[in-house]
Amino acid sequence: MVEIREVDGITHAGLLNFMNDLDAAAPRLQAVHLLRGIWLVAVDENNVAVGFAGMTRPGLDQVQRCYVLPEQRSIRPRLWRRLLARGAELGWVRPADGKVATIAAITGDRPGDRSILLVDGAGECQRWTLTEELARKIRRELNQRLD
């Protein structure tokens, strides 16, 4: 059984950065992200971290991240739902038609294993496999729009 815990970003910076760095395409987390964010860590029955998700306050430096170890991918929707619900409580994400706004993420652990994941507030997921080139193009475009 996996438990999801809300953690302090600064106190758990080492773990969050380690988990974030497991996705080679993900930009590094900055201290401001860790300080101004909601950070969740998923731990297994042995108290070992198997995933994380985080979101910062809206603004020019806003980030949204989620990474789950490949063998624990089934918990990703639950992790996103919990993050989105917490973001909605704080007013950081806006409801749309009674749901929390859709989140898009590019996922994957290795080149050639990238996909785009759309998750809505109910935790419903849709996934499409991408080529590495297209994944890089989409990531650049999303990052530019968030800057």
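Buried here means under 20% relative accessible area, exposed over 50%, and partly exposed in between, with a 1.4 Å probe and protein chains only. The model is predicted, so local features need pLDDT of at least 70 and side-chain atom pairs count only at pLDDT 80 or more, while totals for chains, interfaces and linings use all residues. Residues are numbered from 1 along each chain as its sequence is written, and side-chain values use heavy atoms, leaving out hydrogens and water.

Let's start with strand 2 (residues 37-43); strands (E, at least two residues) and helices (H or I, at least four) are DSSP runs numbered from the N terminus. Of its 7 residues, 6 are buried, so strand 2 is largely enclosed by the rest of the structure. Strand 2 pairs with strand 3 in the antiparallel sense over 7 bridges, where pairing takes at least two DSSP bridges. Within this pairing, Ile38 has Met55 as its bridge partner. The two strands form a hairpin with 5 residues between them, and Asn47 in the turn has a positive phi of about 65°. Strand 1 (residues 3-7) also pairs with strand 2 in the antiparallel sense, over 5 bridges, with Arg5 opposite Val41.

Now for the rings: those of Phe, Tyr and Trp (its six-membered ring) pair if their centres lie within 6.5 Å, and planes under 30 degrees apart count as stacked, over 60 as edge-to-face and the rest as tilted. The count comes to 1 aromatic pair. The centres of Trp39 and Phe52 are 6.3 Å apart with planes at 20°, so the pair is stacked. Trp39 is buried at 0% relative accessibility, and Phe52 is buried at 1%.
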